[in-house]
Amino acid sequence: IDDVTRNNFIKKIKKKNYNIKNLVTSLLKLSEFDVNTIKFIRKDIKVSELIDASIEKVSSLADLKNIKINISCNNEDMIYCDKIWEIEAISNIIKNALEHSNLNGIIDIEYTDNKVYKKIVIRNYGSTINVEDQKHLFERFYKGSNSNSDSVGIGLSLSKKIINMDNGNIYVESKDDKTEFIIKYFKKI
């Protein structure tokens with residue numbers, strides 16, 4: 001085999017190995033949630049810190065697609081949550097947004113706060129999610145009609161479980177080449 005063919009083969013094997021490793025890790029995490037063995041360590045965390053750490057986990061994908069991520073939030077705003085798990089949840093959502101964004105595109109991340117909840121919106125521009133897929137998007141192993149061929153349908157399901165555990169909710173709105181993942185963390189009254 002010539003060097004070019006060998007190198008391409010090695011790259012494909014490495015990518016498959018990476019995908020299998022991520023699949024096994026995600027399945028183990030979901031299993032821990034299913035049997036209630038996850039212990040959340042909650043404290044007040046800066047929203048900007050959560051968002052920055054989440055972006056850092058998927059920055060190589062943003063670089064590959066030359067996607068600019070705009071962040072709009074007050075650096076002093078806090079969310080009461082488990083930092084490690086919320087970074088996992090938010091990075092999964094940003095990864096999904098990156099995968100469905102156009103090359104050289106933009107992702108907007110906005111944070112707002114009101115008396116009832118704190119909200120993070122992750123917005124990408126590119127392919128939209130059809131209405132039927134929106135109904136099932138957070139179900140385990142669900143793959144939408146526009147999903148990446150490497151996707152197994154676990155990341156958004158895991159994100160929803162984590163966000164729910166931290167007194168939050170997530171839903172998606174997608175139309176006119178714009179998709180928004182909206183996360184609301186409800187305040188204790």
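Tutor: Let's start with a definition: a nonpolar core is a set of buried Ala, Val, Leu, Ile, Met, Phe, Trp, Tyr and Cys residues joined through side-chain atoms within 4.5 Å. Buried means under 20% relative accessible area, exposed means over 50%, and partly exposed is in between, with a 1.4 Å probe and protein chains only. Keep in mind that this is a predicted model, where local features need pLDDT of at least 70, side-chain atom pairs count only at pLDDT 80 or more, and totals for chains, interfaces and linings use all residues. Residues are numbered from 1 along each chain as its sequence is written, and side-chain values use heavy atoms, with hydrogens and water left out.

Now the core itself. The largest one has 41 residues, and the members touching the most others are Ile 94, Ile 109, Ile 120, Ile 122, Phe 181 and Ile 183. Helix α4 (residues 83-99) gives this core its largest share, eight residues. Helices (H or I, at least four residues) and strands (E, at least two) are DSSP runs, numbered from the N terminus.

Contact here means heavy atoms within 4.5 Å. Once neighbours within four places in sequence are set aside, the residues in contact with Phe 181 include Ile 93, Asn 96, Ile 120, Ile 122, Leu 137, Phe 138, Leu 156 and Tyr 171. Phe 138 turns up again beside Ser 157, which also touches Leu 30, Glu 139 and Arg 140, not counting residues up to four places away in sequence. Ser 157 sits in helix α6 (residues 155-165) and counts as buried because its relative accessibility is 5%.

A salt bridge is a side-chain nitrogen of Lys or Arg within 4 Å of a carboxyl oxygen of Asp or Glu, and the whole structure has eleven of them. In one, the side chains of Arg 123 and Glu 180 meet at 2.5 Å, N to O. Arg 123 belongs to strand β5 (residues 117-125) and Glu 180 to strand β7, so this pair ties together parts 57 residues apart in sequence. Arg 123 is buried at 10% relative accessible area, and Glu 180 is buried too, at 13%. Shared partners put Asp 108, Glu 110, Arg 123 and Glu 180 into one salt-bridge network.

Another bridge joins Lys 187 and Asp 113, at 2.7 Å from N to O. This pair links distant parts of the chain, 74 residues apart: Lys 187 is in the segment after β7 (178-186), and Asp 113 is in strand β4 (residues 106-113). Lys 187 is partly exposed at 27% relative accessibility, and Asp 113 is partly exposed at 40%.

Back in helix α4, Lys 95 and Glu 99 are four residues apart, so about one helical turn separates them. Their side chains form a salt bridge at 2.8 Å, N to O. Lys 95 is partly exposed at 36% relative accessible area, as is Glu 99 at 25% relative accessibility.
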